[in-house]
Amino acid sequence: MEAVRLVEPGKPLEQQKIPIPPAGEEDVLVRVRATGICHSDAHYRAGRSSMGMLPITLGHEVAGEVEWVGSKVTTVKASERVCLHYNLSCGDCYYCKSGNEQFCTTVKMIGHHIDGGYAEYIAMPARNAIPLPAEISFAEGATLMCASATALHALRRGRLKNGETVAIFGVGGLGLSAIQLAKALGAVDVYAVDIKLDKLELASEYGAIPIDASRADAVEEIRSLTKGKGVDVALEMIGLPATMKQTIASLGVLGRAVIVGLSQTPLEINPYQTLIGYEAEIIGSNDHLLHELPLLIDMARKKVLDTSHVVSQKIPLDAQKINQRLDDLENYTDDVRAVIVQ
Ligand SMILES: [Zn+2]
Ligand SMILES: [Zn+2]
């Protein structure tokens, strides 16, 4: 089969012919129909993250049709439309058994540790295949598996309740999903903070109250719009210490700040002013859980979560075109959200 693979970090991906992967009795073989090209893939190609093997087929946002099922598989059938949860966990270790399988001691991510979806076929454990209703295109189904799923998990980590207020720092793919999901989970007012006008416009189209951080102090603005109270839940989806501080500073009494954006820079806070005085919490959020995906897909099916804006370009399974898109992501000419469609 055709596959587009990382052979040497720092070099362009290569088009290769490799055997169709073997699938075991508890696995499904999926004919890939759509694979999202994610910003992480650009990091992997550049060699900024260690890979589980080389060469490796990239791609962790995958949807397709079941081609074949193993003899012990009862949950999905051949020709069914599915999308794939990208983390393969053992199901047996302490973390898997306690429902936190993203911390599985042997977790493997497709397109990072093992072969992913920049290929015609992929073999996966059947429990990773989630039915994809006909109302959702393969391309949209693929993109649900990463940013939208991470946004849902972050809101759940923030224990968002009906009637609460939310602030979202960073209106990228994560932020746009988070705005809609927060509303669906019962948030009354959702404030969206960014410095780009086009992103803020999109945020208000989805019902958020835009806050232009290039013109005003986002924290002061949120304080004044909430009559001094601050918000109940604030999400940081950028990965900068400065916006993390703002996220925490925008909280009200018993507020929860959820940090999703990645950073390794130490974060300095005033514990009395920001935490103790408000009984506030700072919470980390990492990836998402398999059991959150059916809910997410249902929300997309009912159009509570509209992902039609996400896919801005469809390209074939072609190394040259994929490398071009990864170059765009490297150069931050973003808003190019390409999906490989076969
Ligand atoms: Zn991704
Ligand atoms: Zn495990």
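**Reading the model**

Tutor: Let us begin with a parallel pairing: strand 11 (residues 166-169) and strand 14 pair in the parallel sense over four bridges. Two strands pair if DSSP finds at least two bridges between them; strands (E, at least two residues) and helices (H or I, at least four residues) are DSSP runs numbered from the N terminus. The model is predicted, so local features need pLDDT of at least 70 and side-chain atom pairs count only at pLDDT 80 or more, whereas totals for chains, interfaces and linings use all residues. Residues are numbered from 1 along each chain as its sequence is written, chains are lettered from A and ligands numbered from 1 in the order in which they are written, and side-chain values use heavy atoms, with hydrogens and water left out.

Student: Which residue of strand 14 is the bridge partner of A167?

Tutor: The partner of A167 is A234. Strand 14 also pairs with strand 15 (residues 251-259), in the parallel sense and over five bridges. In that pairing V233 stands opposite R256 of strand 15. From strand 14 the chain crosses through helix 7 (residues 241-249) to strand 15, a right-handed β-α-β crossover. Right-handed here means that, with the strands pointing away from the viewer, the path from the first strand over the helix to the second runs clockwise.

Student: How many of the six residues of strand 14 are buried?

Tutor: Buried means under 20% relative accessible area, exposed over 50%, and partly exposed in between, with a 1.4 Å probe and protein chains only. In strand 14 (residues 231-236), five of the six residues are buried.

Student: What is the order of the strands in the open sheet of three strands?

Tutor: In a regular strand the side chains alternate between the two faces of the sheet. The order is 2-1-4, with antiparallel pairing. Strand 2 (14-17) and strand 4 are at the edges with a single partner strand each, so one side of each has no neighbour in the sheet. Strand 1 (residues 2-6) is joined to strand 2 by four bridges, and E2 has K17 as its bridge partner in strand 2.

Student: What are the donors and the geometry of the zinc ion (ligand 2)?

Tutor: The donors of ligand 2 are C90 (SG), C93 (SG), C96 (SG) and C104 (SG), lying 2.3 Å from the zinc ion. The angles of 104 to 115 degrees make this arrangement tetrahedral. The spacing is C-x2-C-x2-C-x7-C. C96 is buried at 12% relative accessible area, and C104 is buried at 4%.

Student: How many disulfides does the structure hold?

Tutor: A disulfide is a covalent bond between the sulfur atoms of two cysteines. With the criterion of two cysteine sulfur atoms within 2.5 Å, the structure holds zero disulfides. For C83, the closest cysteine sulfur is in C146, at 13 Å, too far for a bond. C83 counts as buried, at 0% relative accessibility.

Student: How many aromatic pairs does a search of the whole structure find?

Tutor: A pair of aromatic rings is described by the distance of the centres and the angle of the planes. Rings of Phe, Tyr and Trp (its six-membered ring) pair if their centres lie within 6.5 Å; planes under 30 degrees apart count as stacked, over 60 as edge-to-face and the rest as tilted. The search finds two pairs. The rings of Y94 and Y95 have centres 5.2 Å apart and planes at 80 degrees, so this pair is edge-to-face. Y94, Y95 and F103 form one aromatic cluster.

Conventions
Donors = N, O, S within 2.8 Å, 3.2 Å for Na, K, Ca; no water. Tetrahedral: all angles 85-135°; square planar, octahedral: opposite > 155°, others 65-115°.
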